[in-house]
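I opened this entry to look up charge pairs and core packing. My notes follow in the order I took them.

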Amino acid sequence: MLFRPGFELDLDTVLGPLSRGSRSPNVVRTEGGVTWLAANTADGAGTLALLRRADGEVEAEAWGPGADRLLDGVPAMLGASDDDSEFVAHHDVIASARRLNPGLRLGSTGRVWDALVLAVLEQKVTSSEALRSWGELCRWFGEPAPGPGPSRLRVPPTPVAIRSIVDWKWHRAGVDLKRRTTLIAAARVAPRLEKAVELKGVEGRAWLRKVPGIGVWTAAEIAQRAWGDPDAVSFGDYNIPSMVGHALVGTKLDDAGMSEVLAPYSPQRQRAVRYLSTAGFRRPRFGPKIELRDYRAM
């Protein structure tokens, strides 16, 4: 399949939220420039390979029971359904970031489950801890990705697989009781949670929050990926309020302060945050380091 975007496209930027760097077990970029994604779909597991060609077209190929569904979702995943025409930059720094990143699009996978598992694992722990647990769960309870992709590419565990995990395996993967309880509760109603993609926006996020343990932050993280929600800000994040504060007003902010500063951007507040993060703004590196916890040693 060939997809020719009718807009400027930065493939790495639009796919960035789906990956967690070079250690991601379900998103792998090879030296040849191919991005491989392994995912669960309503039709089963699938692997998608994407390559940006010199003429601007994106070449897509897929394997597995979910192949057709993944190919059908390529345009939306790459931002074809995104609309930033009404976005207004109220700060010079965001206006500048927008000019520097004209290829920024908010992509949507159209799928809740895989994003949900990773978002729950990232609750209240460091990125390193979450990625370690994510990798181990994918290796132990996911499956090898269909097709000829890299050997380490794994499909994330399905709801059935999540419900099959015994306590000592959760413990070995470094997942504490609160997060495993949330994942099991979500797995029990997983097909119903996909309705959030149809509802979108505030209603979609509220639908996700019906699961005990899924709050504002987790619902926003899922919404950003599942339907490219332009207003789903990750309130409760350790880094984002500080990053937004230092970028826009020159000082650290809490959630309330960030909400006030971003208010003029509603209903596209998350787009404003993405412009800042894509432009390279980060929370200043000072203060005490977060202590890494190994739940397997407890």
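I began with Arg69, which counts as partly exposed at 42% relative accessibility. The model is predicted. I then looked for the partner of Arg69. Its side chain meets that of Asp43 in a salt bridge, 3.0 Å from N to O. The pair links distant parts of the chain, 26 residues apart. Asp43 sits in the loop between strand E3 (35-41) and strand E4 (44-52), and Arg69 in helix H2 (residues 67-72). Asp43 is partly exposed too, with a relative accessible area of 41%.

Next I searched the whole structure for salt bridges and found 14. I noted Arg53 and Asp55, whose side chains meet at 3.2 Å, N to O. Arg53 is partly exposed at 31% relative accessible area. Asp55 is partly exposed at 38%.

Then I turned to Arg271. Is Arg271 buried or exposed? Arg271 is buried, with a relative accessible area of 1%. Arg271 forms a salt bridge with Asp82, and the closest N and O atoms are 2.8 Å apart. Arg271 lies in helix H16 (residues 269-278) and Asp82 in the loop between helix H3 (74-77) and helix H4 (92-100), so the bridge ties together parts 189 residues apart in sequence. Asp82 counts as buried, at 12% relative accessibility. I also traced a network: salt bridges with shared partners join Arg4, Arg53, Asp55 and Glu57.

I checked a charged residue without a bridge. Asp114, in helix H5, is buried yet has no salt bridge. Which side chain of opposite charge is nearest to Asp114? I found Arg111, 4.8 Å away. The cut-off is 4 Å from a side-chain nitrogen of Lys or Arg to a carboxyl oxygen. I listed the contacts of Asp114, leaving aside neighbours within four places in sequence: Ala38, Ala39, Asn40, Trp134 and Pro156.

Last, I looked at the nonpolar packing. The largest nonpolar core has 40 residues. Val112, Leu116 and Leu208 have the most contacts inside this core. Among the elements that give two or more residues to it are helix H5 (113-121), helix H6 (127-141) and helix H13 (216-226). Which element gives the largest share? I found that H5 does, with eight residues. Not counting residues up to four places away in sequence, Leu116 touches Leu183, Ala186, Leu193, Ile214 and Ile222. Apart from this core lies another, of 21 residues, including Leu11, Leu18, Ala60 and Leu71.

Conventions: Residues numbered from 1 in each chain as written. Predicted model: local features only at pLDDT ≥ 70, side-chain atom pairs only at ≥ 80, totals over all residues. Heavy atoms only, no water. Core = buried A, V, L, I, M, F, W, Y, C linked by side-chain atoms within 4.5 Å. Buried < 20%, exposed > 50% of the residue type's maximum accessible area, 1.4 Å probe, protein only. Helix = DSSP H or I, 4+ residues; strand = E, 2+ residues; numbered from the N terminus. Contact = heavy atoms within 4.5 Å. Lys, Arg positive; Asp, Glu negative; His and termini not counted.
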